[in-house]
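Open the model in your viewer and keep the sequence panel beside it. This tour tells you what to select at each stop and what you will find there.

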Amino acid sequence: MSKNTVSDRFRKVDVDEYDENKFVDEEEGGENQLGPDEAEVDSLIRQGNLMGALQAVLKNPPINTKNQNVKDRAEGLVLKVLSSFKSTDIEKGVQSLDKNGVDLLMKYIYKGFERPSENSSAVLLQWHEKALSAGGVGCIVRVLTARKTV
Amino acid sequence: MSYHSFLLEPISCHAWNKDRTQIALCPNNHEVHIYKKDGSNWNKIHVLKEHNGQVTGIDWAPESNRIVTCGTDRNAYVWTLKGDAWKPTLVILRINRAARCVKWSPKENKFAVGSGSRLISVCYFEQDNDWWVCKHIKKPIRSTILCLDWHPNNVLLAAGSCDFKCRIFSAYIKEVEEKPAPTAWGSKMPFGEVMFESTGTAGWVHGVCFSDSGNRVAWASHDSTVAVAEGGKTAVCASLTSETLPLLCVTFITENSLVAAGHDCYPVLFVYDSNKAALSFGGKLDIPKQSAQKGMSARERFQNLDKKATTDSKEAVLESVHKNSISQISILNGGKAQCAKFCTTGMDGGMTIWDVKTLESAMKDLKIV
């Protein structure tokens, strides 16, 4: 047999990249999205104003940016705020959000499920239950179908 | 409303004849069955066998009494009734993927087929050669076309696609018609021109529908939203996110009201307010039969709590008429301006006819404007 059947490097080539009809998402400028303001959120948590912290941390979601660090930082911040709520206050927290806020919260919740840390899943599940009763299954469908997410 | 269970398999698609006495449907296989209404029964009178793949779209032209079908075998056939039998004529679509949906134009001199080849075939009959030919609309479609609807002017075509956009194209064929007059969507309409492209909704567009005047187009997409766009100097879009599972089909029943249905197995009403350019939820259109509320014994309650962690007894049975997703909705009487009856078919193999007047009187807060 000839030499070129020995190597199997060709099996690692991603042929879809070379498909000329490949669907490419539209680029939307996301370079300026920095995620929620860390200082503002931290000060609100320290003051005990958890409702305010929730509103603040859901501002400026890093949806369009390609910078993974910004996304990770935003997720960590959201997790911090969600964990500092008392279980009985979670429902009120969800009620204070509008429809888009609930959708965004659900996106962060599922992002948090992707990388569980010690107590995060328990907290996220409580928030998930309340967000589900506010947003319905439609809210989860939007998390699944969103091309650009947090 | 009346429910008739035709089959155990899903009904892939259906179409009614002009006087609504016959329905053509595909029982999830390669054939088309035509049923005729006889009192309260439905009798199968014809079986149309020509496709080699599942039939994905059927449309019955009311005036010329021709049926067009398209399937996953990449073909479309136009059927004409000769005596007592339907005779097929093959239409060369020049596509290399499955055909997904087909619609006759209002004047019935053309039809459009949406396919997985990322293009729309607009077919018309060429007298000289005595066969159907087609023209393709390709740009800027980037994925499968799932649904189509014609504008009343016989030229504009709305198409919903898997590339998350709803677009209005011009399907003007100079061989069969005159130049169209200007519309709300624009005045220059060469073949293939994009008159409108949606932004703002994500998710595959499962269903699209023009209003009776053609000035509004509504679409339902897979991210559980419904949207309406109104043509004008700049198109005005209004969308509504819903808390339910995605909707698969949508139709206007008056100029301001839409009925949509989907994976939640019941039709839903939406109302469009053009002054505020806003879409709002009008109500659920299913009237569940009030089942007798049996009291639960303590033992049953404990068992439920043990097995399902809840004391609710409701979750097990679907209360809606359809027991599986509704995939298609069609207007029976009254047209899209003043619909009196509409019909839904679904994956449970059943067909339900809904009467708008009955629904209005049964649901207290329902207002169809």
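Begin in chain B with B:L156 and B:S170: the bridge partner of B:L156 in β16(B) is B:S170. Keep in mind throughout that this is a predicted model.

**Stop 1: the strands around β15(B)**

Select residues 156–161 of chain B, which are strand β15, and then residues 166–170, which are strand β16. The two strands run antiparallel and are joined by five bridges. Now move to the hairpin that links them, where four residues lie between the strands. Pick out B:F164 in this hairpin; B:F164 has a positive phi near 70 degrees.

To see one of the pairs, select B:D149 and its bridge partner in β15(B), B:A158. β14(B) and β15(B) form a hairpin with five residues between them. In the turn, B:N154 has a positive phi of about 70 degrees.

Is β15(B) mostly covered or mostly open? Six of its six residues are buried, so the strand is mostly covered; buried here means under 20% relative accessible area. Colour the two faces separately to check this. On one side are B:L156, B:A158 and B:G160, and on the other are B:L157, B:A159 and B:S161; all of these are buried.

**Stop 2: a cis peptide bond**

The peptide bond that joins B:K139 and B:P140 is cis, with omega at about -10 degrees.

**Stop 3: a loop with a positive phi**

Select B:R74, in the loop between β7 (66–71) and β8 (76–82) of chain B. B:R74 is not a glycine, yet its phi is positive, at about 65 degrees. B:R74 is partly exposed, with a relative accessible area of 44%.

**Stop 4: another hairpin**

Select residues 225–230 and residues 236–241 of chain B, which are strands β20 and β21. They pair in the antiparallel sense over six bridges. A hairpin of five residues joins β20(B) to β21(B). For one pair, select B:E230, which stands opposite B:V236 in β21(B).

**Stop 5: a buried serine**

Select B:S257, which is in strand β23 (residues 257–262) of chain B. Is B:S257 buried or exposed? B:S257 counts as buried, because its relative accessibility is 0%. Now show what surrounds this residue. Leaving aside neighbours within four places in sequence, B:S257 is in contact with B:T251, B:F252, B:L269, B:F270, B:I368 and B:V369.

**Stop 6: the whole of chain B**

Zoom out and colour chain B by secondary structure. How many helices and strands does chain B have? Chain B has two helices and 28 strands. Its radius of gyration is 21 Å, close to the 21 Å that the globule rule gives for 369 residues, so chain B is as compact as a globular protein of that length. Along its principal axes, the C-alpha trace spans about 80 × 50 × 35 Å.

Of the 369 residues in chain B, 51% are buried. Among contacts in chain B with a separation of 6 or more, 48% are between residues 24 or more positions apart. Chain B exposes about 17,000 Å², and carbon and sulfur atoms supply 49% of that area. Colour the charges as well: the mean positions of the 43 positive and 37 negative charges of chain B are 2 Å apart.

**Stop 7: chain A**

Now select chain A, which has six helices and zero strands. The radius of gyration of chain A is 20 Å, well over the 15 Å that the globule rule gives for 150 residues, so chain A is more spread out than a compact globule. Its C-alpha atoms fill a box of roughly 75 × 30 × 30 Å along the principal axes.

Buried residues make up 37% of the 150 residues in chain A. Of the contacts in chain A with a separation of 6 or more, 75% are between residues 24 or more positions apart. Chain A exposes about 9,600 Å², 50% of it from carbon and sulfur atoms.

End the tour at A:N60, in the loop between α2 (50–57) and α3 (68–83) of chain A. A:N60 is not a glycine, but its phi is positive, at about 55 degrees. A:N60 is exposed, with a relative accessible area of 55%.

Definitions and conventions
Residues are numbered from 1 along each chain as its sequence is written. Chains are lettered from A and ligands numbered from 1 in the order in which they are written. This is a predicted model: local features need pLDDT of at least 70, side-chain atom pairs count only at pLDDT 80 or more; totals for chains, interfaces and linings use all residues. Side-chain values use heavy atoms; hydrogens and water are left out. The radius of gyration is taken over C-alpha atoms; the globule rule is 2.2 Å times the number of residues to the power 0.38. Buried means under 20% relative accessible area, exposed over 50%, partly exposed in between (1.4 Å probe, protein chains only). Contact means heavy atoms within 4.5 Å. Accessible areas come from the Shrake-Rupley method with a 1.4 Å probe; for residues, only the protein chains shown count as cover. Lys and Arg count as positive and Asp and Glu as negative; His and the chain ends are not counted. The place of a charge is taken as NZ of Lys, CZ of Arg, CG of Asp or CD of Glu. Two strands pair if DSSP finds at least two bridges between them.
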